[in-house]
Every structure is written in structure tokens, then in C-alpha cells.
Amino acid sequence: MENRYDQKNLLPLLEHPRHTVRREVTRGDDGVGRDFSRGMKERFGEDPPERERMTIHFLGEAGDSFGEGLARGITFVADAVGAGGCARMNGGRAVILSFPGEDFGRDISGGCAYAYDPEGRLLGRTDAWVRRLPLDSREEKELKGLLREHVAVTDSPRARELLEKWPEAREAFVLFSAKI
């Protein structure tokens, strides 16, 4: 199956950057982010200007390796991801609204990912820095803002459900980043 989000299909977003974009994903969409991140770094370097930064909201369950190599200046928000999500992230942000698949965030070297983990399975990881929310007020505001934006852009039932039960839901999120 052709990757709908390979270099030729996602990189044109860089030609006409918009700060917020909606895309639908399925389990067949593997490696979403890898080529896009590479293209973003080639075009803008390691620290893209504020006007070039973008958030892409994905509705549906992304395939394996979603957000792999995610670069600075990019934020991905997805309802669900497969195995290897956010692996080798070196910048950027991701928000995953269900428990991420196996090997989530493997070899992360930068950036951060918020992941909904009600059972605390990510907390035992020793290869990354993981902490349970509640976050400080800035982090909580950022996460809740991204959830609200996800609802506005995608009408995601998952994001809406989490916002409706926010006091409980926020306690089930973890912040996942490179080990210090």
C-alpha cells in the first residue's frame, strides 16, 4: 500500500505552511512524519521560525512508527498510534489520545510527547524520562489547548471525551521525553 504521507504527499504542506492542518489516518499509514520532518529540517534548519511551525491533527488510528524522527517546529496530535510511535523523535511535540503501542518513544533524543496512559504502563520505562501528570500550569494549558484545537479541527470524539472528563483524564496523561 502506498504511504499517503510520504515525501511527495506531505511535504507540499511546506510550500504553503498553515499553522493548523487536518489529515485522516488509518493503520495503513506507517512512518507518518519521518519524511516530513526531514524536509522541514532541510528547509528551515534545526530551529524553524515561529511563522513556519505547524500543528497537524490526525483523525483516526495511525499506523506504526507515527511521528518517527519528529523534528522541531512540528506538533502532531493523533487519536491513536501503532507500534514505534514517536521513536527517534529529536524535537517537536506529539499528543497521543490513547495508550500508544509497543516501543513508544524508543530512542527519543528531543522534543516531548503527551500520551494517555491510564494504566501507567509507560511509567516503568527506563530509557526515557516519563512522568505522570498533573503538569505545571504551562504544560497543562498547552495540553488542554491542543486537545481543544483537535476537537475544533477534527471533531474527534476521543478528544471531546477526554475534555469532558478532564479532571480525571489529565491524571492519566504522561509526559514522555529524552532521558536527562
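Good morning. I begin with Glu139, which is found in helix α3, the helix covering residues 137-154. Please keep in mind that this is a predicted model.

Is Glu139 buried or exposed? Its relative accessibility is 7%, so Glu139 counts as buried, the cut-off being under 20%. What does its side chain meet there? The side chain of Glu139 makes a polar contact with the side chain of Arg131, at 2.6 Å. Leaving aside residues up to four places away in sequence, Glu139 touches Tyr114, Arg131 and Leu175.

I turn now to the aromatic rings. How many aromatic pairs are there? The count comes to six. One of them joins Phe58 and Phe76 in an edge-to-face arrangement, with 4.9 Å from centre to centre and 80° between the planes. Phe58 belongs to strand β2 (residues 54-61) and Phe76 to strand β3 (residues 74-80), so this pair ties together parts that are 18 residues apart in sequence. Phe58 has a relative accessibility of 0% and therefore counts as buried. Phe76, with a relative accessible area of 0%, is buried as well.

A further aromatic pair is formed by Trp166 and Phe173. Here the geometry is tilted, with 6.2 Å between the centres and 45° between the planes. Both Trp166 and Phe173 are buried.

Finally, I consider a charge and a ring. Which ring does the charged end of Arg121 sit over? That ring belongs to Phe99, and the charged end of Arg121 is 3.7 Å from its centre. Thank you for your attention.

Terms used. Residues numbered from 1 in each chain as written. Predicted model: local features only at pLDDT ≥ 70, side-chain atom pairs only at ≥ 80, totals over all residues. Heavy atoms only, no water. Helix = DSSP H or I, 4+ residues; strand = E, 2+ residues; numbered from the N terminus. Buried < 20%, exposed > 50% of the residue type's maximum accessible area, 1.4 Å probe, protein only. Polar contact = N/O pair within 3.5 Å; in protein donor to acceptor, adjacent residues only side chain to side chain. Contact = heavy atoms within 4.5 Å. Phe/Tyr/Trp six-rings, centres within 6.5 Å; stacked < 30°, edge-to-face > 60°. Lys NZ or Arg CZ within 6 Å of the ring centre and 35° of its normal.
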